Each structure stands twice: as C-alpha cells, then as structure tokens.
2 protein chains.
Amino acid sequence: MELFDQASVNKSNSRQTRTREKVLNLAMHVLAKNPKASLSEIAEVAEVGRATIFRYFKSRKQLVSELIVEADTKLETAIKPIIEKNLNAGDTLEEFIKVLVPLGASFHFLNSNQIYAEDSGIDDLYKNQLMRLRELSKRLRAENVVSSEIPLAWVAAVLDNLIYTAWETVLKGDIAPNDAPALVLTSFLNGFSPR
Amino acid sequence: MELFDQASVNKSNSRQTRTREKVLNLAMHVLAKNPKASLSEIAEVAEVGRATIFRYFKSRKQLVSELIVEADTKLETAIKPIIEKNLNAGDTLEEFIKVLVPLGASFHFLNSNQIYAEDSGIDDLYKNQLMRLRELSKRLRAENVVSSEIPLAWVAAVLDNLIYTAWETVLKGDIAPNDAPALVLTSFLNGFSPR
DNA sequence: CTCAAGTGAGACACCAGAGTATCATTAGAG
DNA sequence: CTCTAATGATACTCTGGTGTCTCACTTGAG
C-alpha cells in the first residue's frame with residue numbers, strides 16, 4: 001500500500017547495484033510485516049524475477065542474513081557519532097530516540113529475526129543492540145534522569161518497545177513522523193498523566 | 001526451559017479432554033515464541049504423537065484458529081466483569097492492566113497472528129481487542145487522567161505495548177510477576193523521571 | 001544503433017512439513 | 001484384573017517453497 005523511500009534508489013549506480021538494493025530494501029519491508037513471506041512474494045513486491053533474487057543471494061538464508069547485517073550496520077552507523085559526542089545521559093537519550101525511531105524497520109527486523117538465527121554470529125549483533133539500551137538505561141539512572149526505584153531491565157525493555165511502537169504508529173499513519181521522537185521522549189520521562 | 005501452569009491441567013476431566021488441552025496449551029506457547037514452528041515441534045513439546053494432533057484438529061490452520069478464538073475468549077472473560085463494574089477511567093485502567101498482564105501470551109498471540117489470518121472472522125476478534133484499548137484511552141482523556149495533548153492513537157498503542165512488554169519481561173525472569181502491573185501503571189501515567 | 005550484460009519467465013529436481021491410514025501398544029475406567 | 005478407547009510410531013502421499021538451469025527478451029553503455 002504505502003510506497004517507500006524510492007527516492008533513495010541511487011540512479012548513478014550500476015544496473016546490478018540498483019537491482020540488488022531494490023531487492024534488499026523491499027525484502028526488508030515485506031519480511032518485517034510477515035517473516036514467513038516466500039521468495040515469490042518478495043520478488044513480486046520488488047518487481048523482480050524470482051530467479052534474479054538467486055543471482056544476488058545464494059539462498060534465502062543468506063538474503064535474510066544480509067538484511068540483518070545491514071540493519072545492524074545502519075543502527076551502528078547512526079548511534080556511533082552520538083556516543084562519541086560524550087553528552088550527558090539525558091541528551092544522549094534524546095539523540096538516540098531521534099535517530100532510532102526512523103530506523104524502526106531495522107530495529108524491529110533485528111528483533112523479530114533473532115529467533116530464527118541458527119547462525120551464531122547474528123545472535124551477537126542482536127545482543128549487542130540490547131546491550132546499548134541497557135548501558136544507556138544504566139547511565140540514565142546513575143545521572144538521576146530516571147528513578148532508581150525502577151528495575152533496569154524494565155527501563156531498557158520499555159525504551160526498546162517505545163521506539164518500535166513509534167515507528168509502527170507512524171507507518172500506520174496515526175502520528176506524524178516529525179512528532180514521533182518527541183512523543184517517545186515525553187512518554188518515557190513523564191508518562192501520560194497531565195502535568 | 002520454563003514450565004507452565006501444569007497445575008491447571010484438570011485431572012478430573014476425561015483422557016481426551018486432557019490431551020486436547022495439553023496440546024492447546026503447549027501449542028500456544030511454542031507458537032508464541034516461533035510462529036513458524038512445525039507440528040512435529042509442537043507434538044514434541046506437548047509430549048504427544050504428531051498423529052494425535054490431527055485426531056483433535058483437522059488441520060494446522062484449524063489448530064491456530066482455535067488458539068486465536070481461545071485467546072480472545074480469555075481476554076473477553078477477563079475484561080467483561082471489569083467493564084460491568086462501571087468504574088471511573090483511572091480505576092478501569094488499573095484493573096485492566098492487572099488482568100491483562102498475566103494474559104500476555106494470549107494478548108501477544110492475537111497480535112502476532114493477525115497477519116496470517118486468511119480467515120476473515122479472526123480479523124474481527126483482533127480489531128475488537130484494539131477497539132477496547134482505544135475506547136479506554138478515549139475515556140482516560142475525557143476524564144483527564146491522560147493529557148489531551150497526546151494523540152489518541154499513540155496512547156492506545158503505548159498501552160498495548162506496555163502490557164505486552166511487561167509480560168515478556170516477566171517471562172524472561174527480569175521482573176517479578178507481582179510487580180509487573182504496578183510498573184505498567186506507573187510507567188504509563190508518570191514515566192520514569194524521578195518525582 | 002549495436003550488442004553484451006542483465007533480466008524475466010518457465011521447466012525442473014528436491015525437500016520439509018502437512019495431512020492420511022494402519023497397526024501394535026498402553027492407559028485407565030469399570 | 002480386564003478390555004476397550006486412546007495413543008505412539010511408522011510409512012505413505014501431497015503440496016508449496018527452495019534452489020538450479022536454460023533461453024529468449026530487454027536495457028542501456030559505448
């Protein structure tokens with residue numbers, strides 16, 4: 001139904017690269033919605049022959065594996081510069097949210113595919129991302145941005161889910177993309193009760 | 001790893017009934033963790049022959065369908081008496097949460113299977129549950145329990161996800177089952193910032 | 001415009017899981 | 001304890017998805 005960032009399809013790349021990225025992009029969205037989706041479905045959505053998929057990925061497993069690595073790279077790339085800024089916990093939180101909400105698809109994908117990953121290395125990527133939020137939660141508590149009475153695991157889990165929920169709600173068209181990060185932040189810190 | 005409410009297996013029922021419910025219960029948990037799980041896996045976990053499953057459910061589709069209906073019934077049964085109490089929005093919220101968190105598995109199951117439901121009737125059950133939370137959110141806003149500046153869709157979505165997250169976190173063993181409802185309530189209303 | 005690289009369509013073998021049928025074994029009601 | 005209903009094991013077919021291959025068509029760089 002919705003169309004995705006077709007604008008980001010770089011026309012200056014070679015034909016091969018374009019096809020490859022088209023498959024990668026669309027596969028991500030199809031599989032995020034339905035992890036059971038067949039290669040035929042993916043091919044159809046990507047407007048590509050099923051055989052073509054096999055020209056770029058030797059198996060379904062490898063396709064999924066690449067998607068996961070890609071998702072991880074995107075998150076890593078977005079987050080690293082923030083950490084290097086060495087901000088206080090509160091500001092780091094704000095920047096994290098701002099950057100992660102639009103990456104909800106990647107975020108979610110990494111989560112929902114953790115189950116199927118027979119591949120051992122992929123489990124590490126997932127755990128690594130979780131660790132990030134746990135670390136941040138710890139700092140938030142240490143710097144008293146977050147009440148220390150609340151279990152750490154709960155803080156991290158809620159933060160993780162708020163970000164994903166925001167992305168999902170934006171996708172449904174229920175809230176504006178530009179409003180999302182602020183909503184996550186205020187919900188996280190202050191909840192919904194009137195001030 | 002974890003064992004489930006085996007205590008609820010009623011020994012006074014007939015052998016057939018016990019087998020049937022054993023399959024139903026375990027299938028719910030297996031499929032909640034991995035929607036792709038094969039009937040062999042379910043049979044194994046339920047300590048039952050694969051053929052036996054087919055004696056009680058004419059197809060995998062029907063098994064899943066029954067699980068969904070069952071999940072819906074559980075939620076319905078839990079929620080109805082609360083609504084009939086005619087409490088104010090705030091108290092209704094509290095009771096809802098108290099009752100829904102332990103039903104996280106059913107809650108989640110209804111959610112995650114909505115996608116696969118070719119069956120039209122099942123979609124209605126899902127929409128019905130979503131409606132409940134939307135209704136409650138509307139009342140919360142009307143009675144000024146929740147700030148009216150926040151989009152309704154966002155309130156409902158967060159409430160839905162907080163409940164699911166709580167159940168998930170309990171399952172992981174990261175928070176105590178008895179603490180969960182209170183955590184959801186305070187997180188929802190006040191967020192994590194220290195008072 | 002030309003033509004090679006890239007692609008789509010389709011036929012095929014292969015496999016895993018769904019669903020069926022049969023029979024020997026076992027649980028447990030009476 | 002007995003005997004039947006219920007079960008587990010096994011062997012089978014069928015279906016849908018995966019992965020391979022070929023060939024004719026299209027695209028777009030030169």
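**The largest cavity and its surroundings**

Tutor: The largest cavity is lined by Val158(A), Leu162(A), Ser187(A), Phe188(A), Gly191(A) and Phe192(A), together with Val158(B), Leu162(B), Ser187(B), Phe188(B), Gly191(B) and Phe192(B). This is a predicted model, and the values that follow are computed from it. In general, rolling a probe the size of a water molecule over the atoms shows where empty space is left. Here the structure holds 6 cavities of 30 Å³ or more, and the largest of them contains about 80 Å³ of space. The elements that contribute two or more residues to its lining are α8 (152–172) and α9 (180–190) of chain A, along with α8 and α9 of chain B. Sorted by class, the lining comprises 8 nonpolar and 4 polar residues, with no charged residue.

The contact draws 36 residues from chain B and 35 residues from chain A. The area buried between chain B and chain A comes to about 3,100 Å², and carbon and sulfur atoms give 69% of that area. On the side of chain B that touches chain A, α8 (152–172) and α9 (180–190) of chain B each supply at least two residues. The largest share of that side comes from α8(B), with 11 residues. By class, the side of chain B that touches chain A is made up of 21 nonpolar, 10 polar and 5 charged residues. As for specific pairings across the interface of chain B and chain A, the rule finds 12 residue pairs in polar contact, both partners being at pLDDT 80 or more, whereas the count of salt bridges across this interface is 0.

Over all chains, by contrast, the count comes to 8 salt bridges. One of the salt bridges joins the side chains of Glu76(A) and Arg132(A), at 2.8 Å from N to O. That pair links distant parts of the chain, with Glu76(A) in helix α4 (residues 60–84) of chain A and Arg132(A) in helix α7 of chain A, 56 residues apart.

Most residues other than glycine have a negative phi. Asn144(A), although not a glycine, has a positive phi of about 60°, and Asn144(A) is found in the loop between α7 (120–142) and α8 of chain A. In chain B, Glu47(B) likewise is not a glycine and has a positive phi, of about 55°; Glu47(B) lies in the loop between α2 (39–45) and α3 (50–56) of chain B.

A last stop in chain A is Thr19(A), which lies in helix α1 (residues 15–33). Leaving aside neighbours within four places in sequence, Thr19(A) is in contact with Val48(A), Thr52(A) and Tyr56(A). Thr19(A) and Ile53(A), which are 34 residues apart in sequence, are 9.1 Å apart in space, C-alpha to C-alpha.

How values were computed. Residues numbered from 1 in each chain as written. Chains lettered and ligands numbered in written order. Predicted model: local features only at pLDDT ≥ 70, side-chain atom pairs only at ≥ 80, totals over all residues. Heavy atoms only, no water. Contact = heavy atoms within 4.5 Å. Buried area = accessible area lost by both parts, 1.4 Å probe. Salt bridge = Lys/Arg side-chain N within 4 Å of Asp/Glu carboxyl O. Polar contact = N/O pair within 3.5 Å; in protein donor to acceptor, adjacent residues only side chain to side chain. Helix = DSSP H or I, 4+ residues; strand = E, 2+ residues; numbered from the N terminus. Nonpolar A, V, L, I, M, F, W, Y, C, P; charged D, E, K, R; others polar. 1 Å grid on protein atoms, 1.4 Å probe; cavity = no way out; pocket = protein on both sides within 12 Å on 5 of 7 lines; lining within 4 Å. Points joined across faces, edges and corners; volume = space filled by probe spheres on them.
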